[in-house]
Amino acid sequence: WRIDMIKRLALALLLLTSCSLAFAASPKESGGYIEGGFGTTSLEDDGAFAGYNFDNSDSGFGLAGGYKFFKHLAVEGRYTDFGTFSLGGVPFDVTAVSIHVIGIIPFGESGWELFGQLGLGSADLTILGESVSENVGSAGLGIRYSISENFSLGLRTDAYAYEDTSFGRSYDISASQTAITLKYVF
């Protein structure tokens with residue numbers, strides 16, 4: 001199911017960008033921006049929940065605001081809602097608040113950009129009204145197409161990870177999201 005959803009998201013982005021090729025524009029080289037995205041999410045437990053009925057996929061969204069200092073570098077703050085997962089039939093929500101450094105590689109004046117990000121933040125797992133917070137590291141990659149100087153569509157995938165030792169041994173826990181994004185640069 002997850003692979004089918006990712007293929008559909010990629011196809012939608014391809015169709016949207018191909019329909020607007022005549023309107024390709026170079027994105028602004030600097031300025032503040034806001035961005036929103038929606039896509040598929042997953043939670044990997046490294047075996048921590050082995051033996052339990054673990055539903056580890058859902059859909060989620062993200063909101064970001066940042067500043068592009070020049071065409072190759074931006075910094076942004078982000079809120080990500082990974083959705084609702086379940087463990088043994090008990091639902092729990094996972095969200096993250098983070099800050100990221102974004103490296104950008106524009107493809108000339110074509111309107112296309114490749115970007116990567118590294119970030120730090122806090123992830124919250126809320127189950128039965130109780131919330132647990134963990135410090136997380138984040139990394140991701142994406143591609144973006146500028147419809148105009150101010151608007152762009154993108155496809156990105158990000159992963160947030162931390163090491164959990166609360167079960168008596170160490171587990172690498174990660175939440176990831178693959179999303180279609182819409183960005184507006186002021």
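Of the 186 residues of the protein chain, 42% count as buried, where buried means under 20% relative accessible area, exposed means over 50%, and partly exposed lies in between, with a 1.4 Å probe and protein chains only. The structure is a predicted model, in which local features need pLDDT of at least 70 and side-chain atom pairs count only at pLDDT 80 or more, while totals for chains, interfaces and linings use all residues. Residues are numbered from 1 along each chain as its sequence is written, and side-chain values use heavy atoms, with hydrogens and water left out.

**Overall layout**

- The protein chain has 1 helix and 9 strands, and these names stand for DSSP runs numbered from the N terminus, helices being H or I runs of at least four residues and strands being E runs of at least two.
- Read from the N terminus on, the elements follow the order α-β-β-β-β-β-β-β-β-β.

**Strand pairing**

- Strand 1 (residues 31-44) pairs with strand 3 (residues 57-70) in the antiparallel sense over 12 bridges, and two strands are said to pair if DSSP finds at least two bridges between them.
- Within this pairing, Ser 42 has Ser 57 in strand 3 as its bridge partner.
- Strand 3 also pairs with strand 4 (residues 73-87), again in the antiparallel sense, over 9 bridges, and Gly 66 stands opposite Glu 76 in strand 4.

**The largest pocket**

- About 410 Å³ of space lies in the largest pocket; a pocket is an open set of points on a 1 Å grid over the protein atoms alone, with protein on both sides within 12 Å along at least five of seven lines, whereas a cavity is a set of points where a 1.4 Å probe fits but cannot get out.
- For the volume, grid points are joined across faces, edges and corners, and the space counted is that filled by probe spheres set on the points.
- The lining of the largest pocket consists of 23 residues, and those nearest its centre are Leu 125, Val 132, Tyr 162, Asp 164 and Ile 173, a lining residue being one that has an atom within 4 Å of a point.
- Two or more residues of this lining come from each of strand 4, strand 5 (90-106), strand 6 (112-127), strand 7 (130-146), strand 8 (151-164) and strand 9 (171-185).
- Sorted by class, the lining has 16 nonpolar, 3 polar and 4 charged residues, with Ala, Val, Leu, Ile, Met, Phe, Trp, Tyr, Cys and Pro counted as nonpolar, Asp, Glu, Lys and Arg as charged, and the others, Gly among them, as polar.

**Aromatic rings and charges**

- Rings of Phe, Tyr and Trp (its six-membered ring) pair if their centres lie within 6.5 Å, and planes under 30 degrees apart count as stacked, over 60 as edge-to-face and the rest as tilted; by this rule there are 8 aromatic pairs.
- The ring centres of Phe 61 and Tyr 79 are 6.1 Å apart and their planes are at 50 degrees, so this pair is tilted.
- Because Phe 61 lies in strand 3 and Tyr 79 in strand 4, the pair ties together parts that are 18 residues apart in sequence.
- Phe 61 is partly exposed at a relative accessible area of 33%, and Tyr 79 is partly exposed at 31%.
- One aromatic cluster is formed by Phe 151, Tyr 184 and Phe 186.
- Arg 144 lies over the face of Phe 115, at 4.1 Å from the ring centre, and the charged end of Lys 183 sits over the ring of Tyr 33, 4.0 Å from its centre; the rule asks that NZ of Lys or CZ of Arg be within 6 Å of the ring centre and within 35 degrees of the ring normal.

**Single residues to look at**

- Thr 80 is found in strand 4 and is buried, with a relative accessible area of 1%.
- Most residues other than glycine have a negative phi.
- Asp 46, in the loop between strand 1 and strand 2 (54-55), has a positive phi of about 55 degrees although it is not a glycine.
- Leu 128, in the loop between strand 6 and strand 7, has a positive phi near 50 degrees and is exposed, with a relative accessible area of 72%.
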